Amino acid sequence: MERSNVSLIVFIVLMFSIFTTKTQSINGEKASISVREEEDMELERQLKILNKKPIKTILTKYGDTVDCIDIYKQPAFDHPLLKDHKIQMVPSTILEETTSKNKPSSIFRESKLDNDFQNERCPQGTIPILRTKKEDLVNAQYLLQKSNPMHTNSNTLSPMDHHFVSVEEFNEGKTYFGSAVDISVHGFALNDNQFSTAQIWIQNGPTENINSIEVGWMTYPALFGDNHSRVFGYWTSDGHKQTGCFNMLCPGFVQVNKDYFLGGKIKEVSVYGEDPWLVSFKVHQDQETGNWWLTTDVVIGYWPKEIFTHLVNNASIIRYGGVAGAKPQTPTPPMGNGYLPQLQDHSKTAFMAKMKYVNEQGQTVSINPDRIQTKYDTSLDCYNILFAGNIGGEWEIAMAYGGPGGMCP
């Protein structure tokens, strides 16, 4: 073959190779752009579902934008399993602690939710809901990405590195219909890559499809935009794979309170060395409807039984503890009050008191101190938990927990 023809063939092959590489690169970039566009479109779709047209909007002192939404048009009813759900305005059963106010105590002070509406209120027939921003959904998704779910022993807040401490009553075959506990409330200065919770878990089902309701207080700047300690609720019905979310960031939770809401700030927090502030958290299953009601110092709302599979009739696990996490290769934040727990001075430790469960008759009963399992997943220099048992008095069944965090193994 002549040299000129060989050169021509080589030139054509090179040009074809370059063209193919560029085309693949362009197609790859287009594919990447397409994925991003699809993700943005999905986020916008979710925002339209969550941010209903408000009847009134209130801007709080804390910078929260709160929309007053028609109670019958709240996001919960966009859940496909709740299309025909009839809203329940009040629980048909009231737990013992909700029938009367706690008496003032020399050592326990009752903190409350704080919406800071000042002189404004949502109109009758509406409920307040924190307005959801796109970054809220992105941060919540990041918080809940499931790289390696550990349903029973953690809060499944992967892929962020996180650690937990907890106690649970071990009584195989026993059923529960809720949980109640008084939790001391504390405050932290965290960065956007850190979170810390104090919470209870109500769970049922196999690990791979666990149903879980989790409530308590949380500090998480990326989710709430500040360092305030806020009440939170979380749920899932399939082991955290496709269902569930924090607060009202997806359809599911039905709110009935017209003044207070999930994600609301807790008014007073404990100061080290002073008498602590507590919030009472209660979750119980309504004996008539099967819905799971959330109560603090007020009744907030409920998770309908229709959204669950294994929590339809009861729970098999109740747990009490804390979770703290951060991005990989960074220090995890404080948990509890930031100090390792001790049982000598209640003003210098984070604790839970009046640890109870709800029985089949709708009564709150103290957990059995002889059937307790303590669990943790890291060095006890980072976080620890001390189960005190039945102290009596205002404490009843109690425990202390927490720690400074850091580069924990």
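Me: Which residue meets Asp67 in a salt bridge through its side chain?
Reply: Happy to look at this one with you; the model is predicted. The N to O distance in this salt bridge is 2.8 Å, inside the 4 Å cut-off. Asp67 lies in strand β2, while its partner sits in the loop between β5 and α2 (134-143), so the pair ties together parts that are 64 residues apart in sequence. That partner is Arg131.

Me: Is Asp67 buried or exposed?
Reply: Buried means under 20% relative accessible area. Asp67 has a relative accessible area of 3%, so Asp67 counts as buried.

Me: Which elements give two or more residues to the lining of the largest cavity?
Reply: Good one to check on screen! About 30 Å³ of space lies in this cavity, and its lining includes Asp67, Ile69, Ile129 and Leu130, along with Arg131. Four of the lining residues are nonpolar, one is polar and three are charged. The elements asked for are β2 and β5 (126-130).

Me: How many residues apart are Arg319 and Glu168?
Reply: These two form a salt bridge, with their closest N and O atoms 3.5 Å apart, and both Arg319 and Glu168 are buried. Arg319 belongs to strand β17 (residues 317-326) and Glu168 to strand β6 (residues 161-169), so the pair links distant parts of the chain, separated by 151 residues.

How values were computed
Residues are numbered from 1 along each chain as its sequence is written. This is a predicted model: local features need pLDDT of at least 70, side-chain atom pairs count only at pLDDT 80 or more; totals for chains, interfaces and linings use all residues. Side-chain values use heavy atoms; hydrogens and water are left out. On a 1 Å grid over the protein atoms alone, a cavity is a set of points where a 1.4 Å probe fits but cannot get out, and a pocket is an open set with protein on both sides within 12 Å along at least five of seven lines; lining residues have an atom within 4 Å of a point. Grid points are joined across faces, edges and corners, and a volume is the space filled by probe spheres set on the points. Helices (H or I, at least four residues) and strands (E, at least two) are DSSP runs, numbered from the N terminus. Ala, Val, Leu, Ile, Met, Phe, Trp, Tyr, Cys and Pro count as nonpolar, Asp, Glu, Lys and Arg as charged, and the others, Gly among them, as polar. Buried means under 20% relative accessible area, exposed over 50%, partly exposed in between (1.4 Å probe, protein chains only).
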